[in-house]
Amino acid sequence: MNKIKVGFISFAHMHAATYFFSMLKRDDVEVVGIADEDGERVRPYSVERGIPYYADYNELLSQEIDAVVICSENARHAEITKRAAEAGKHVLCEKPLGLSEAEMLEMIRVCKDHGVQLMTAFPCRYLTSVRQAKEAVDAGQIGEILAMKGTNRGTMPGGWFIEREKSGGGAVFDHTVHVMDLMHWFTGSKVEEVYAHAETLFHDTDIDDAGMVHVKFANGVVAVLDPSWSRNRTFPTWGDVTLEIIGTKGVLNIDAFAQKNEVYSDVTGKAAAWNFWGDDMDEGLINSFVESIRNGKPVEITGEDGYYSARVALAAYESANTKRTVQLKPQA
């Protein structure tokens with residue numbers, strides 16, 4: 001079996017490590033290089049594992065590889081994705097896809113023009129609870145969807161995530177996209193109206209760490225999402241992903257990280273301890289990306305999916321600033 005050759009560009013985003021280890025688990029994949037301007041950051045993954053290291057990602061792109069995984073700062077997604085596409089490499093890009101509608105549409109166009117696949121990293125689609133809920137909705141078990149309420153509340157990541165020129169925004173930008181992608185996926189419709197609040201409530205920072213995003217879909221479904229960085233450092237998981245779906249014939253509740261053991265003990269001195277044993281959503285994402293490349297099939301989560309979710313977050317900031325509802329134009 002010919003192995004698919006994959007390179008990694010930047011470990012700035014924490015998901016890079018789990019994507020990397022998921023790639024290493026596959027017998028049909030060879031990680032042939034890691035590019036990062038910070039050599040020390042990737043030393044445990046590159047030099048210490050005998051994987052070639054490149055300070056300049058263009059040198060990696062000049063190698064004989066099939067695909068790249070991009071986990072850079074958000075502001076560099078567009079630049080690196082377009083360069084990878086021009087070099088003929090398939091791309092798995094960390095979310096949010098880009099910092100503006102124009103640059104995301106340009107990323108999609110360049111990838112299509114060069115005949116390469118562009119997949120957006122939305123691993124939540126590969127959680128068992130999410131996939132089973134999608135099957136139930138598609139089977140009509142709760143009737144037609146009327147409304148949804150979601151949360152993606154996490155821990156404030158710090159670092160470049162709170163540097164607006166590198167991140168593009170705070171919690172509202174960082175966390176709206178995951179659950180918004182699920183909402184688009186479940187409804188089969190796109191958001192057309194956005195009304196939102198964005199505030200700084202939990203941390204001493206100049207960027208938003210809390211918000212509420214209210215949306216209306218083209219098919220009439222209404223939804224609200226809490227994308228805050230409101231979980232503290234002792235929270236047992238990095239955050240949560242929940243979604244309540246209200247239908248004409250029933251209600252469906254998703255708690256994506258409910259797969260855990262809870263320990264209450266006087267010995268530990270803590271109120272509770274969680275031992276999370278559930279799905280590896282990142283591995284599901286990587287497997288899907290690799291299988292699409294190997295079989296020449298379209299990726300399951302496209303650049304367009306990344307665009308539609310990120311533009312809701314961008315509209316949320318516009319709405320928060322103007323205190324008005326923002327209308328989103330339909331896209332072909």
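Helices (H or I, at least four residues) and strands (E, at least two) are DSSP runs, numbered from the N terminus. The model is predicted: local features need pLDDT of at least 70, side-chain atom pairs count only at pLDDT 80 or more, and totals for chains, interfaces and linings use all residues. Residues are numbered from 1 along each chain as its sequence is written, and side-chain values use heavy atoms, with hydrogens and water left out.

**Arginine 26**

- Arginine 26 lies in the loop between helix 1 (15-24) and strand 2 (29-35).
- Its relative accessible area is 14%, and arginine 26 is therefore buried (under 20%; exposed is over 50%, partly exposed in between, with a 1.4 Å probe and protein chains only).
- The arginine 26 side chain makes polar contacts with the side chains of aspartate 28, at 2.9 Å, and asparagine 287, at 3.0 Å.
- A polar contact is a pair of N or O atoms within 3.5 Å; within protein, one must be able to donate a hydrogen and the other to accept it, and residues adjacent in sequence count only if both atoms are side-chain atoms.
- Apart from neighbours within four places in sequence, arginine 26 is in contact (heavy atoms within 4.5 Å) with Asn287, Val290 and Glu291.

**Helix 8 and helix 10**

- Helix 8 (residues 171-187) packs against helix 10 (residues 303-322) at an angle of about 130°, with the axes 8 Å apart.
- Axes are lines fitted to C-alpha atoms, for helices over the stretch in contact, and angles run from 0 to 180 degrees between N-to-C directions.
- Residues making this contact include Phe173 and Met180 of helix 8 and Tyr308 and Leu314 of helix 10.
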